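Student: I have a model open and want to learn how to read its features. Can we take them one by one?

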Amino acid sequence: MATIRKSARSTNPAAERPHPDATRRSQRSRQAIYDAALALVGEVGYPKTTIEGIAARAGVGKQTIYRWWSSKAEVLLEAFLDLGEQAVEAQGQGEPYAIPDTGDIAADLKAVLRATVDQLYDPKFEAPSRALAAEGLVNEQLGREFVAKLLEPSLQLHVDRLRAAQAAGQVRPEIDPRIALELFVSPLAQRWLQHTAPVSYAYTDTLVDYALHGLAPR
């Protein structure tokens, strides 16, 4: 009688189980860390947020966080970038965002600044935005990354829209768009960061009116 052998699969039950997807597990851990960092900054503030607290909230060891980031500031910056990407995906924007060009530069700038006000006071964005802006003032490396990854892409949208307005004869050709955008973007940022006065749609509309009065063809 022939001897019936068990296959290797039968003799090793562990081999039948699928191997864990390390990449997927890593992504889940990262997302949990992002969510924990953003939640803690919103609940207890940036100064009281710690790597240990983020790790406990995310359900990971703090060594996992230190394997990917060297500080809570770096964690928060990456988490905030991810939050922005999620917002874009939720809006179904498959292509890079651009400030709409309706042919009316004042209306377009007022619309984008109103949207900016809404985002600045959105609870999901406000606390991490303030934390990163403040930390960037004392942490030069973080400040440079904050500007390069978050601020400059947004400012470039304004530059592009102002250049289109120049081409349409709505803004004087010799105007430097990068300087011009600061006439309405910088005052808004100052009020919001330093609480010097209330921020409203009426305020941002007025900024645009004042700025464009000095930019209009003479």
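Student: Which residues do ring pairs link into a cluster?

Tutor: This is a predicted model. In it, ring pairs join Y34, W68 and W69 into a cluster. The structure has three aromatic pairs. For W68 and W69, the ring centres are 5.6 Å apart and the planes meet at 80 degrees, so this pair is edge-to-face.

Student: Is W68 buried or partly exposed? And W69, buried or exposed?

Tutor: Read the relative accessibility; under 20% is buried. W68 has 23%, so W68 counts as partly exposed. W69 has 4%, so W69 counts as buried.

Student: What lies over the face of W68?

Tutor: R30 does, at 4.3 Å from the ring centre. Another arginine is placed like this: R191 lies over the face of Y203, 3.8 Å from the ring centre.

Student: Let me stay with rings. How do F80 and F125 pair?

Tutor: Look at distance and plane angle together. F80 and F125 are edge-to-face, with 5.8 Å centre to centre and 85 degrees between the planes. F80 sits in helix α6 (residues 72-90) and F125 in helix α8 (residues 123-138), so the pair ties together parts 45 residues apart in sequence. Both F80 and F125 are buried.

Student: Now the fold. How many helices and strands does the chain have?

Tutor: Twelve helices and zero strands. Along the sequence the pattern is therefore α-α-α-α-α-α-α-α-α-α-α-α. Of the contacts with a separation of 6 or more, 64% are between residues 24 or more positions apart. Of the 218 residues in the chain, 33% are buried.

Student: Which residues of α11 are buried, and where do they sit around the axis?

Tutor: An α-helix has 3.6 residues a turn, so residues three or four places apart point the same way. In α11 the buried residues are F184, V185, L188 and W192. They cover an arc of only 95 degrees around the axis, which puts them on the same side of α11.

Student: What do those buried residues pack against?

Tutor: Against α7, α8, α9 (140-167), α10 and α12. Just after α11, H195 takes a positive phi of about 55 degrees.

Student: Then α12. What span should its 15 residues have?

Tutor: The same rule of 1.5 Å a residue applies. Helix α12 (residues 201-215) should span 21 Å, and its end C-alpha atoms are 21 Å apart, which agrees.

Student: Which residues of α12 are buried, and what covers them?

Tutor: The buried residues are Y203, T204, D205, L207, V208, A211, L212 and L215. Their cover includes α7 (105-120), α10 (177-180) and α11 (182-194). Y203 is also the residue whose ring face has R191 over it.

Student: Last point. Where does pLDDT stay under 50?

Tutor: Where pLDDT is low, the predicted coordinates should not be read in detail. Here pLDDT stays under 50 over residues 1-15, for which the model has three contacts beyond four places in sequence. The chain averages a pLDDT of 85, and 85% of the residues score at least 70.

Note on methods:
Residues are numbered from 1 along each chain as its sequence is written. This is a predicted model: local features need pLDDT of at least 70, side-chain atom pairs count only at pLDDT 80 or more; totals for chains, interfaces and linings use all residues. Side-chain values use heavy atoms; hydrogens and water are left out. Helices (H or I, at least four residues) and strands (E, at least two) are DSSP runs, numbered from the N terminus. The expected span of a helix is 1.5 Å times one less than its number of residues. Buried means under 20% relative accessible area, exposed over 50%, partly exposed in between (1.4 Å probe, protein chains only). Contact means heavy atoms within 4.5 Å. pLDDT is the predictor's confidence in each residue, from 0 to 100. Rings of Phe, Tyr and Trp (its six-membered ring) pair if their centres lie within 6.5 Å; planes under 30 degrees apart count as stacked, over 60 as edge-to-face and the rest as tilted. A charge sits over a ring if NZ of Lys or CZ of Arg is within 6 Å of the ring centre and within 35 degrees of the ring normal. The arc is that of the directions from the helix axis to the C-beta atoms.
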